[in-house]
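Visitor: I am new to reading protein models. Could you walk me through this one?

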Amino acid sequence: MSLKILPKRGLSDWVSRLITEYRVVGPKLMKDQYIFGDIHSADDLALDYSTTILPPKKILLPQRETLIQFDTASSSQPIEPFIETQATIILGVHTCDMHAISLLDQIFLEGFPDQHYLARRKNITLVSIECLRSCSEHSFCKSMGTLSVPETFDLHLTDLGNSYALETGSKKGSALLWSMSAVRDPTNGDYRQLQKVMSEKWQSFNYRLVFDITELPSLLALSYDNTLWDEIGDRCLGCGACTIVCPTCYCFNVIDEVDFSLHRGARSRVWDSCQLDRFATVAGGHNFRVNRSDRQRHRFFRKGKYQMEAYGLVGCVGCGRCAQSCLVHISPVEVFNELYRRQSPITSLEQEVTT
Amino acid sequence: MSPLLQEILETSSIYKPTMMLVLDVRQVTQLEKLFTIEMPNGLSLGHKPGQFVEVSVLGIGEAPISISSSPSRSNGKFELCVRRAGSVTSALHSLNPGDSVGIRGPFGRGFPIDRFRGKDILFAPGGLGLAPLRSLINEVLDDRGNFGRVTILYGARNPSELLFTDELVEWETRTDVELHVTVDHPDNDWTGNVGVITTLFPKIRVHARNTIAITCGPPAMYRFVLVELLGKGLLEGNIWLSLERRMKCGVGKCGHCQMNHIYTCQDGPAFSYAEIKHVEEAL
């Protein structure tokens, strides 16, 4: 790894150059909230954003994506796979979302490799940014171990005040350095500033889980029949917002549509949610997860246990978006902590935690 | 990996069906039709009993359907017994010989037939559950010498819903197969057993430690059949079930078929009772 320094005054020029070669996506302001959206001018980019409504999964796994196109009137080759590849740079990805992308990468690579996801992913360059302060009252990344960037990044930025420290993680990342006219080697002062920023940042974040993340899978295993699931189920509206905004939720439905010719059409996948009532219903009508409490439990078990066991990566990255979007205030950190309180005979443990 | 699956992996999309010809369509009951599908030249399905395929009617959608024919009788074609239940299966029912359907698969884990050899085999399908088990039954019967006693207990709601009645007659007349059929609601012509499938169990004797039981049917049936099988002393690892779930993608991604941590389309749909006993959402 070699460190480079980009003075902030050189950012605008760099982004302008990127836009000419790539589709550039990054955090930008929409009314009073941030979104990941197309960056058409360097002024759009808000690298100092808090959190976004939707995570960058909307680029990696679009809400609606064509899988195949067909023409039933064609006798020779009626079906063609549709694989989209557009060289894209996602700028300013927070570390929690980077961890989520690492998980998505594994899920779509393992078993049957999903060529649609992988082709798009191959053409995406990830420019992550170090989080230096808590982004929302709901986030708990420090507790989930996602406050440091995973190795998935191509280029990683750290805000040093007047400049960004740049760490390259791949060839795709180092290729981006060529388009920076103002980039320079670091001075001793830069190293000192980086060290200062990195050591001070941890105090800006609180541990919010009252137990250690490594205990989460076994806590859930003990909590399958906890009455808390019924209490949450009673509150839950079954709207699915929590899964839509979740950076590690990827479940999808598949739908066919035909145009007015009635023989040309496409099969697409669209985001689906295990929180919607018909998600586990089979053709005969039997619903295998009929209660909202069952569906919420399934969601929390995926986040805290199943993904960890299947992929060795945490299924909840602590971004807090689900809590932010939930109209009835179902918050993962509160759910996990409440389960811990109900399971643990020693409730005084909570007091040891910095809050 | 089967040759067809290999082809799907190499055609640049795991979601791309291969178009195949419908050779024959036979009305089996009022709700079910049996489709014979011809593989394109040079391809073989290479399935195991208990596996399923994703069947496409382009423009309508895709549905997971268990393969009803045995590998032993495949020979470039295979059979699907389809109940008209939703939009895709209704569209399938409107197809005629000469039409084509899209196929992906075979997917999932079938029954480990190699481990069944030398054992007595007890089949206990209920209703449409005979459709997937027929693949295994015929595979066993076509290799009859390598298995012990073969017993089939089959229950349906009424006589008009019995599937594969030709084969039931054939199995009835074979001396090396013990077949018992029952219906919940008999009609005037019915002279056989009346009652749910569990009423057949007192009629049979099993060598508990040397018997493999395979059951498939509606979710409500499993609990009662499991009580009977365990009551006869069968080992939990020797009781096999085929579970129905909404396998939308078939390749372990879409999430619809998940029961707890298990993707039914990958680890199943065939499971031993020992494997799913502690999977709370399985039954």
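Visitor: At what angle do H9(A) and helix H13 (residues 332-343) of chain A pack?

Guide: Keep in mind that this is a predicted model. Two packed helices are described by the angle between their axes and the distance between the axes. For H9(A) and H13(A), the axes lie 11 Å apart. Their packing angle is about 150°.

Visitor: Is H9(A) roughly parallel or roughly antiparallel to H13(A)?

Guide: Angles over 145 degrees count as roughly antiparallel. H9(A) and H13(A) pack at about 150°. Therefore H9(A) runs relative to H13(A) in a way called roughly antiparallel.

Visitor: Which residues of H13(A) make the contact with H9(A)?

Guide: Start on the other side. H9(A) brings A:Leu228, A:Trp229, A:Glu231 and A:Ile232. By class, this contact has five nonpolar, no polar and three charged residues. From H13(A) come A:Val335, A:Glu338, A:Leu339 and A:Arg342.

Visitor: At what angle do the axes of H9(A) and H11(A) cross?

Guide: H9 covers residues 228-235 of chain A, and H11 covers 292-311. Their axes come within 7 Å. The crossing is right-handed. The angle is roughly 110°.

Visitor: Which word describes how H9(A) and H11(A) lie to each other?

Guide: Angles from 65 to 115 degrees share one label. The axes of H9(A) and H11(A) cross at roughly 110°. The two helices are therefore roughly perpendicular.

Visitor: How many charged residues does the contact of H9(A) with H11(A) have?

Guide: H9(A) supplies A:Trp229, A:Asp230, A:Ile232, A:Gly233 and A:Asp234. H11(A) supplies A:Arg292, A:Ser293, A:Gln296, A:Arg297, A:Phe300 and A:Phe301. By class, four residues are nonpolar and three are polar. The charged ones number four.

Visitor: Which element gives the largest share of the lining of the second largest pocket?

Guide: This pocket has a volume of about 290 Å³. Of its 18 lining residues, the closest to the centre are A:Ala310, A:Tyr311, B:Gly252, B:Tyr263 and B:Gln266. Strand E14 (262-263) and helix H6 (264-267) of chain B each supply at least two lining residues, as does H11 of chain A. The largest share, five residues, comes from H11(A).

Visitor: How many residues of that pocket's lining are nonpolar?

Guide: Sort the lining of the second largest pocket by class. Six residues are polar and four are charged. The nonpolar ones number eight.

Visitor: Where is B:Pro269 found?

Guide: Most residues other than glycine have a negative phi, and most peptide bonds are trans. The bond from B:Gly268 to B:Pro269 is cis, with omega near 10°. A cis bond also joins B:Gly105 and B:Pro106, and B:Pro106 is found in strand E6 (residues 100-107) of chain B. As for B:Pro269, look in the loop between H6 and strand E15 (270-272) of chain B.

Visitor: What is the phi of A:Lys31?

Guide: A:Lys31 sits in the loop between strand E2 (23-30) and strand E3 (33-38) of chain A. This residue is not a glycine, although its phi is positive. The value is about 50°.

Conventions. Residues are numbered from 1 along each chain as its sequence is written. Chains are lettered from A and ligands numbered from 1 in the order in which they are written. This is a predicted model: local features need pLDDT of at least 70, side-chain atom pairs count only at pLDDT 80 or more; totals for chains, interfaces and linings use all residues. Side-chain values use heavy atoms; hydrogens and water are left out. On a 1 Å grid over the protein atoms alone, a cavity is a set of points where a 1.4 Å probe fits but cannot get out, and a pocket is an open set with protein on both sides within 12 Å along at least five of seven lines; lining residues have an atom within 4 Å of a point. Grid points are joined across faces, edges and corners, and a volume is the space filled by probe spheres set on the points. Helices (H or I, at least four residues) and strands (E, at least two) are DSSP runs, numbered from the N terminus. Ala, Val, Leu, Ile, Met, Phe, Trp, Tyr, Cys and Pro count as nonpolar, Asp, Glu, Lys and Arg as charged, and the others, Gly among them, as polar. Axes are lines fitted to C-alpha atoms, for helices over the stretch in contact, and angles run from 0 to 180 degrees between N-to-C directions. Angles under 35 degrees count as roughly parallel, over 145 as roughly antiparallel, 65 to 115 as roughly perpendicular and the rest as oblique. A crossing is left-handed if the near helix is turned anticlockwise from the far one by less than a right angle, and right-handed if clockwise. Contact means heavy atoms within 4.5 Å.
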